[in-house]
Amino acid sequence: MTRIFSGIKPTGHLTLGNYLGAIRQWVDADQHKADALFSVVDLHALTVDHDPARVRRLSRQTATLLLAAGLDPALCTLFVQSHVDEHTRLSYLLECTASDGEMRRMIQYKEKAAREQAAGGSVRLSLLTYPVLMAADILAYGADEVPVGDDQAQHVELTRDLAVRFNQRYGHTFTIPKAVLPTVAARVMDLQSPTAKMGKSHAETAGIVYLLDEPDAARRKIMRAVTDSGSEVVHDRENRPGVSNLLEILAACTGGRPAELAESYSSYGALKRDTADAVLEVLRPLQERHTELCGDPGYVDAVLREGAERARSLARPTVDAAYRAIGLLPAY
Ligand code: TYM
């Protein structure tokens, strides 16, 4: 059976970008068609300046929101990364497989390191090695597919390179995974600056729709989205990023195609109204279920406990095999 792994880091409140770029596929397709594991990757949240209490709170909230969005523990495995030691065990072996230059070429590293430095902070070493831990997340489970948004494609490519290199040097150990991107909304853009990704850890929030935004707030953000000069509604990401972003959001929420949807609009106002309606239709049931689940913390704990147990039992044999293959003496 196909194995699927994906993760989400608790560095901020989940956004419409996270939902349309990743979570929606996990809920609607992945958990039904494969042995799917999804993780709240909390160790990744420690790679930038962080507040311990906030990370803890966001880890719980993220897990609860994933369940509210429709992940079903009867169909898939949901767990918290730090509950399964195999991730960090394997990460070290992959650090011994990757090169310094390879890490420094990662786009997200370059962007985030520049941001940290501009803010006067220092860059944590773990920010540089972040993609190695991500590779460990994926390879520990022998995942065939990694459903992610477009911004993670380079990291999955690196994961493939590391797996191939390890296998060539030390014998076949890892399955070579591939990234699977959604056909629309693989990169949802910020509503206020539509040439930048809608990101959960961005400080400026006017262009970000959060999954837990009040309906009025979400509608207001969409109605105030920056559109492009001109008034024609066309899907052209290069020249009309603002309108194209709205068309992609609408298409992803309604199951349409951006270019075809464009033909049915002659004004930005109507497009914004329909996009807001479609987004609210998606958010409403998710928020209702989230409220219910918040009243039952014991349920979320039980899901995460069982998820970690299953994840451990799957990862341990692969990681043990990697320890042997690379030349470490088996533990007594
Ligand atoms: P993270 O937490 O930033 O995002 C989680 C998922 O949401 C997708 N995404 C988006 N998709 C479309 N438009 C957007 N604006 C948008 N913003 C985020 C991301 O592509 C991702 O799929 N490094 C990963 C977490 C991770 C992981 C892994 C993923 C750690 N280990 C192993 C897959 C497999 C990250 O930072 O995602």
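These legends describe close-up views of a predicted model. Local features need pLDDT of at least 70, side-chain atom pairs count only at pLDDT 80 or more, and totals for chains, interfaces and linings use all residues. Residues are numbered from 1 along each chain as its sequence is written.

**View 1. The largest nonpolar core has 90 residues.** Such a core is a set of buried Ala, Val, Leu, Ile, Met, Phe, Trp, Tyr and Cys residues joined through C-beta atoms within 7 Å. Buried means that 20 or more other C-beta atoms lie within 10 Å of the residue's own, with C-beta atoms placed from the backbone. L16, L66, L71, L78, A135, I249 and V279 touch the most other members. Helix α6 (residues 125–139; a DSSP run of H or I, at least four residues) gives the most, with nine residues.

**View 2. Contacts of L78 beyond four places in sequence.** L78 is in contact (C-beta atoms, placed from the backbone, within 7 Å) with F38, A63, L66, L71, P73, V303, L304 and G307.

**View 3. The ligand is surrounded by 26 residues.** G7, G17, G21, V148 and G149 are the closest. β1 (3–8; a DSSP run of E, at least two residues), α1 (16–33) and α6 each supply at least two shell residues. Both domain 1 and domain 2 give residues to the shell, so the ligand shell lies between them.

Conventions:
A residue is buried if 20 or more other C-beta atoms lie within 10 Å of its own, exposed if 12 or fewer, and partly exposed in between; C-beta atoms are placed from the backbone. Two residues are in contact if their C-beta atoms, placed from the backbone, lie within 7 Å. A residue is near a molecule or strand if its C-beta atom, placed from the backbone, lies within 6 Å of it. Domain bounds come from an automatic or database domain assignment.
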